[in-house]
Amino acid sequence: MKAVVYTKYGPPDVLQLTEVAKPVPKANEILVKVQATTVGYGDIIARNFRAISPREFNMPMPLWLPSRLAFGVRKPRIQILGASFAGEVETVGQDVTQFKAGDPVFGYLGAKMGANAEYLCVPETGTVAIKPANMTYEEAAAVPYGAIMALSLLRRVNIQKGQKVLINGASGGIGSAAVQLARHYGAEVTGVCSTPRVELVKSLGANHVIDYTQEDFTQNGETYDLIFDILGRSSFSRCKNSLAENGRYLLASFKMRPLFQMLWTSLRGGKKVICALAAEKQADLITIKELAEAGNIKAIIDRCYPLEQTAEAHRYVEAGHKTGHVVITVAHDNREEPRA
C-alpha cells in the first residue's frame, strides 16, 4: 500500500510517498480502507519534534523528555503521521463484534498516528465509530480530534445553559468544536480569533466574535463564567478581571505555572484555574456522531490535498494560512497489496 513516511525529522520535504506492507488486523482489530485524514498542529510538531525545545513544548516541562523518547530521540519511531481518519471497514478480526466489512467509520488515533496511508488497523474498542450519515469522508475526518478534546474539557467544567463563555482560539481544531459544543449546551459564546477567521467563527454559531488584532478582550469590561484558552496564549493574571465571581479559566495547553495556579486556586473560593488533559473515549466519539447527525457539529474544510501532496499540505498549515481544516484525500486502485 501507499503511505507517507518520514524517517528523519525536519521540514515538510522529509515526508515521502512510499510503498509499505499492508497491515493485517489482529483478532480484536478492524482494517480500515482510509478515504480521508487531516493535517493538524500535532502532525507539524511530530514531524519536527527534534527541533522542539522544552521551552517551546506546549505542555509542562516534565512531559517533554517522555514525549521525546516516545517519538524518538534521533529519528522518528512513529514514521507515518495522521491522527484523525475516515474510511470504510475492509475486513475485521475474528473476535470483532461492533463492526463489519463495508461499515463507514471515522476515528482518532492520538499519538499512535498512522492515518497518512491507504490502510490502517484499529482496535474495535479504540476511538472509532460509525461515520455520521450526513457527512462526507472528508468532513468526518476533520471532526474527531477537535471535537473529542473540546467535549472532554467542557465536561470537566460542567458547562451550563445560560453561562457566558469566551473561547480564545476559536478558529482552530479544538476551538471551532468548542464554539459549537458550547452553543449546543446553551451557553452565550464569544469567540476570539484573527481577522481572516472572523467569518468562520460567526458561521460556527458564536454569539459574539472578537478580532484580537483590533480588541483586547481582557480590557473591554465584559465578564465571563468560563474563559477557555485553547493554546495558552493569555494568562490567568490577565484574564482574572474578565472572570465572573466564581468563573473558571480553562486551559487545554499549559505549562508548569498554571498547574501551580490551579493548585492554589483550588484551595480558595472564587475564581479557579483548571488545567486538564482530554480523554480519548469511544463513547465520546459516538456522542459526537449523534451531535453531527443532529446538525450541532459541522466541519469547515479549508482545502483538500491528495495523499501524494501531503508535504505541500504541511507547508500550508505550518505557514499559518489555514481557515478551517486541511484534509488529505486518499485515492485507491484495485491492485493486490503485499501483506505485513
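Start at Leu277. Select it and you are in the loop between strand 13 and helix 9 (282-293). Helices (H or I, at least four residues) and strands (E, at least two) are DSSP runs, numbered from the N terminus. The model is predicted: local features need pLDDT of at least 70, side-chain atom pairs count only at pLDDT 80 or more, and totals for chains, interfaces and linings use all residues. Residues are numbered from 1 along each chain as its sequence is written, and side-chain values use heavy atoms, with hydrogens and water left out.

Leu277 is partly exposed, with a relative accessible area of 47%. That class lies between buried (under 20% relative accessible area) and exposed (over 50%), with a 1.4 Å probe and protein chains only. Now show what touches Leu277. Leaving aside neighbours within four places in sequence, its contacts are Met59, Leu153, Arg156 and Phe254; contact means heavy atoms within 4.5 Å.

The order is 10-9-8-11-12-13, with parallel pairing. Two strands pair if DSSP finds at least two bridges between them. Look at the edges: strand 10 (208-211) and strand 13 (272-275) each have a single partner strand, so one side of each is left without a neighbour in the sheet. On average, neighbouring strands here are turned by 20° against each other, direction ignored.

Stay in this sheet and select strand 11 (residues 224-229) with strand 12 (residues 243-251). Five bridges pair them in the parallel sense. Click Phe228; its bridge partner in strand 12 is Leu250.

Move to strand 5 (residues 104-108). Four of its five residues are buried. Strand 4 (residues 84-92) runs antiparallel to strand 5, joined by five bridges. There, Ala86 has Phe106 as its bridge partner in strand 5. Strand 7 (residues 128-130) is also antiparallel to strand 5, through three bridges. Val105 has Ile130 as its bridge partner in strand 7.

Finish with helix 4 (residues 144-156) and helix 5 (residues 173-184). They pack at about 55°, with axes 7 Å apart. Axes are lines fitted to C-alpha atoms, for helices over the stretch in contact, and angles run from 0 to 180 degrees between N-to-C directions. Show the side chains in the contact, including Tyr145, Met149 and Leu154 of helix 4 and Ile174, Ala178 and Leu181 of helix 5.
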